[in-house]
Amino acid sequence: MATAIKKGSALQFYKELTSPNNITYKQPIGLYIGGEFVASKSGKVFDVISPSTEERITQVYEAGDADVDSAVIAAEKGFAKWSEMTPYERGCALIKVAEKIEENSELFATVETWDNGKALSMARDDVKLVAQTFRYYAGWCDKISGKVVEIDNDTFNYIRREPIGVCGAIIPWNFPLAMLSWKIAPALAAGNSMILKSAESTPLTALLFADMLREVPEIPKGTINILSGYGAAGGAIVAHPGIKKIAFTGSTATGRKILKGAADSNLKKVTLELGGKSPNIVFNDAKLDEAVESVLFGIFYNQGEVCCAGTRLFVQEGIYDTFLEMLKKRALELKVGDPFDPTVSYGAQTNKLQFDKVLEYIAQGKKEGKVLTGGSRIGEKGFYIEPTIFTDVDRNAVVATEEIFGPVLSVIKFKDADEALKFANESDYGLAAGVHTTNIEKALYVAQHVKSGTVWINTYHAMHPQLPFGGYKLSGNGRELGEEVLNNYLETKAVRIAGISTGLGAPKLN
Ligand code: NAD
């Protein structure tokens, strides 16, 4: 893919780079509009910084309003062709996308690690999920259908499911490639075209993905358009009357702006996958060794930069002291460092802003609770932070209520299931929850009453494309993944024909 530039390609839109693990490849840096890499109309570029070294990797073009206009024109042309293909043809094309991702998985994982800071092993897992997501939605292409509705013997009635048209996606920097797949795969399965804006901190793998599409000519040019840029470009997508739907993942503050922007423009449909402050509950009867691993993975996976991270740990009083001892021992064994080092568990925070924000929260936590582990940055170069656990935290403390989006856990004691539920549900957020117990009835009781879009029992972060994902309360609107997300990308049309029957009653035959 990226290494095989065909004759006549616009070479100035690629930069030859060598990654820290010595993979040399050609990184696209242009905006991907109408099947080509192009410069931004303003000519503006911005720096892409490696969070593990704080050095510049490259520069990429920055989209502005005029580029969004061009992308909409291209996406309308793409939509006209893609939506006319048969569902079977669309499914085959999406399977090919999955195959190409798998063929290039090591390059994708490498660039994701370089750009985002996550451990290479984790980036490899992300890439597997990306291919799986495209395969899953490829399977949906020819299973989306309407139905016939029997009403009376004078009319024939049916319901059609139709693609919406040009859709927009605005994604964050914590799972750049995975978020791309969660948006593009279902949008295309439903027959739409897409304009995706990557996050300003992590534009590289989305551009590699765009480059890979050259090897999938079955997807017409303009069906997928990728823009690198800041919030202003996101705002232009939200305001554009040619875009009929927006899927957003990111902060609750930006989610609010997007809802307002949609209301002020063409009332485009909006789905929001926002922040969280998810509870993780450990009962006295849990398998403690397994629960410790699950709790640590729940909070420190991806350096804590996960919207559904289990950031509030509720431990039942009977095991509180024992569990904290166990947690501390294992947390101190976690290795944070160079994400390309195969022995590290976790890498660097993704950007300076986030790094500083997490360190501020840690300073606040030191005033609000006791430090069980961590509490400092690691080294002087790179955005590394120790896995940090605070105990004796008040439920209303800042660190126990606000989304930190970093490797910071607050531990709180509880008496019984109802108290755990009360504490869990106090949050303004409601994205996910974890429950650890050997009593299935207790687990199901909590699962039924906890206000969150996902509940993991004796596990955590167990995502799967077949299961819908999204939040209650300030964690968002609508769901991603599963069959459910397809509704966000489809219009429903009722058709009623007078004078013919679906077969109800006596036939009107001569
Ligand atoms: P953000 O919400 O500002 O950015 C997410 C995406 O939205 C980016 O692509 C950004 O360019 C775009 N954007 C920003 N302002 C916009 C606007 N006005 N209109 C349209 N698009 C806009 O998130 P951030 O600043 O990168 O991170 C801030 C906080 O958000 C984090 O500390 C964390 O708490 C939270 N966050 C949540 C998630 C998640 O998965 N839910 C992901 C990233 C960040």
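Reader: Which side chain is joined to that of Glu-162 by a polar contact of 2.7 Å?
Author: The side chain of Arg-160. A polar contact is a pair of N or O atoms within 3.5 Å; within protein, one must be able to donate a hydrogen and the other to accept it, and residues adjacent in sequence count only if both atoms are side-chain atoms. Keep in mind that this is a predicted model: local features need pLDDT of at least 70, side-chain atom pairs count only at pLDDT 80 or more, and totals for chains, interfaces and linings use all residues. Numbering runs from 1 along each chain as its sequence is written, and side-chain values use heavy atoms, with hydrogens and water left out.

Reader: What joins the side chains of Glu-162 and Lys-493?
Author: A polar contact of 2.9 Å. Glu-162 also touches Tyr-489, Leu-490 and Glu-491, not counting residues up to four places away in sequence. Touching, or contact, means heavy atoms within 4.5 Å.

Reader: Where does Glu-162 lie?
Author: In strand β8, residues 155–163. Strands (E, at least two residues) and helices (H or I, at least four) are DSSP runs, numbered from the N terminus.

Reader: Is Glu-162 buried or exposed?
Author: Buried, because its relative accessible area is 17%. Buried means under 20% relative accessible area, exposed over 50%, and partly exposed in between, with a 1.4 Å probe and protein chains only.

Reader: New topic. Where does UniProt place the "active site"?
Author: At Glu-273, in an unreviewed entry. UniProt positions are given in the numbering used here, feature names are shortened, and annotations may be inferred rather than shown by experiment.

Reader: Which strand is Glu-273 in? And is Glu-273 buried or exposed?
Author: Strand β13, residues 269–273. Glu-273 is buried, because its relative accessible area is 1%.

Reader: What is Glu-273 in contact with?
Author: Leaving aside neighbours within four places in sequence, the contacts of Glu-273 include Trp-182, Phe-248, Thr-249, Gly-250 and Cys-307. Leu-431, Phe-469, Ser-475 and Glu-480 are also among them.

Reader: On to the ligand. How many residues surround the ligand?
Author: 26. The closest are Trp-173, Glu-200, Ser-251, Gln-354 and Lys-357. A residue is near a molecule if one of its heavy atoms lies within 4 Å of it.

Reader: How much of the ligand's accessible area does the protein cover?
Author: 86% of the 810 Å² that the ligand has on its own. Accessible areas come from the Shrake-Rupley method with a 1.4 Å probe; for residues, only the protein chains shown count as cover.

Reader: Now helix α8. What should its 13 residues span?
Author: Residues 252–264 should span 18 Å at 1.5 Å a residue, and the end C-alpha atoms are 18 Å apart, so the two agree. The expected span is 1.5 Å times one less than the number of residues.

Reader: Which residues of α8 are buried?
Author: Thr-252, Gly-255, Ile-258, Gly-261 and Ala-262. Their cover includes β9 (166–170), α7 (231–239), β12 (245–249), β13 and β21 (429–430).

Reader: What about Ala-39? Where is the place of Ala-39?
Author: In the loop between β4 (36–38) and β5. Ala-39 is partly exposed, because its relative accessible area is 33%. One of its contacts, beyond four places in sequence, is Asp-67; others include Phe-13, Leu-31 and Tyr-61.

Reader: Ser-52 next. Which side chain does the side chain of Ser-52 make a polar contact with?
Author: That of Ser-50, at 3.1 Å. Ser-52 is in the loop between β5 (45–49) and β6 (56–61). At 10% relative accessibility, Ser-52 counts as buried.

Reader: Last one. Which residues does the "domain: Aldehyde dehydrogenase" annotation cover?
Author: UniProt gives residues 37–495, in an unreviewed entry. Over residues 37–495 the chain is 39% helix and 22% strand, and the end C-alpha atoms are 42 Å apart.
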